[in-house]
Amino acid sequence: MVHERKVETVFELMGSNENAMTYSLGWALAKCNGFCQSLAVLLGIADGFSDEMRINLQEHASGKGITDIELRDHNKYHIIIEAKRGFTVPSTRQLEKYADRLHGSSDGKAQKMLVVLAESDRNEQWLSQHVPTSVKNIAVKAISWKSVQQVARDSLNVASHEEKRLLKQLCTYFGRVTTMQNQNSNEVYVVSLGTTKIAGKYTSINILEEFGKYSHPVGGNRKGWPVEPPNYIAFRYRGALQSIHHVEAYTIIENYYPHLPVPKHSYTGDPLYLYTLGEAIKPTHRTPTNDPQKHYSPIVRSARTWCFIDLLLTCGSIAEAAAKTKERENF
């Protein structure tokens with residue numbers, strides 16, 4: 001047990017953040033050649049990696065960022081893998097830094113590639129829609145944590161006894177820390193934001209857009225607010241879904257000060273959860289609150305709902321995503 005949590009794999013001792021996931025992947029690739037070669041196939045490298053391939057973690061270059069994983073196969077391949085937890089993808093600026101780094105590689109003969117590793121929807125469509133196919137003439141490949149986990153499972157057929165044990169633990173670990181495999185963390189709490197001032201001069205929209213924060217009453221007493229903070233939260237206003245965010249941290253407050261630049265006595269009236277939110281995940285298309293064709297029960301006014309994240313990102317409306325979420329839960 002670690003902090004009252006049962007630990008079933010050695011990888012869980014490192015935690016569940018992006019760095020821990022990156023180190024776990026890098027360690028397994030270094031220890032399991034079959035897994036490494038299967039990853040090469042996933043990346044479209046038909047001839048695989050040579051015995052000279054080296055794996056570097058958290059490499060720093062001045063002005064060109066810190067890479068998560070670099071695969072260097074002399075005269076063959078130089079690959080940078082940028083790993084993200086959840087549905088966040090690296091910015092174009094970040095990818096351009098890595099492209100500059102690859103262009104400046106001392107291994108001039110090696111084929112260069114950027115790989116974005118993040119989560120995607122069940123149909124493996126969302127991620128590829130959010131990642132460019134090339135940056136500064138460097139090919140970019142998008143792969144999901146689910147596909148990497150499947151590669152690890154497939155590699156069990158060619159693994160030694162020790163490698164099998166490691167890969168099984170890796171699959172269990174990824175199943176716990178990635179959203180698409182963890183149905184409890186795969187649901188998004190969708191809330192409506194308004195223009196009423198709630199803290200000094202700030203509305204809930206201002207607080208979200210300017211400070212990356214959101215608050216609501218601690219649940220369990222009235223109006224159906226959640227008792228436990230959600231893993232993901234989404235915001236609808238101006239008639240449509242605007243963004244989805246991972247809840248990075250939260251605290252319980254009874255005064256908005258000093259958490260926001262408001263007067264010292266900005267009391268909340270009731271205890272509130274105050275969330276610190278991760279980067280915005282933006283829908284690729286306008287997703288109105290309700291279905292224009294009226295095929296699904298409408299979501300009224302400020303009503304809140306739960307949706308599976310892959311449905312929220314791919315359905316034509318929030319109402320459709322909510323309806324299909326219920327269908328999936330009842331299946």
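Reply: Happy to! A search of the whole structure finds nine salt bridges, each being a side-chain nitrogen of Lys or Arg within 4 Å of a carboxyl oxygen of Asp or Glu. This is a predicted model, where local features need pLDDT of at least 70, side-chain atom pairs count only at pLDDT 80 or more, and totals for chains, interfaces and linings use all residues. Residues are numbered from 1 along each chain as its sequence is written, and side-chain values use heavy atoms, leaving out hydrogens and water.

Me: What makes Arg101 and Glu70 a salt bridge?

Reply: Their closest N and O atoms are 2.9 Å apart, and the cut-off is 4 Å, so the pair qualifies. Arg101 lies in helix H3 (residues 92-103) and Glu70 in strand E2 (residues 66-73), so the bridge ties together parts 31 residues apart in sequence. Helices (H or I, at least four residues) and strands (E, at least two) are DSSP runs, numbered from the N terminus. Glu70, Arg72 and Arg101 are also linked in a network of salt bridges.

Me: Why is Lys84 called buried?

Reply: Buried means under 20% relative accessible area, exposed over 50%, and partly exposed in between (1.4 Å probe, protein chains only). Lys84 has 9%, so it counts as buried. Its salt-bridge partner, Glu82, has 3%, so Glu82 is buried too.
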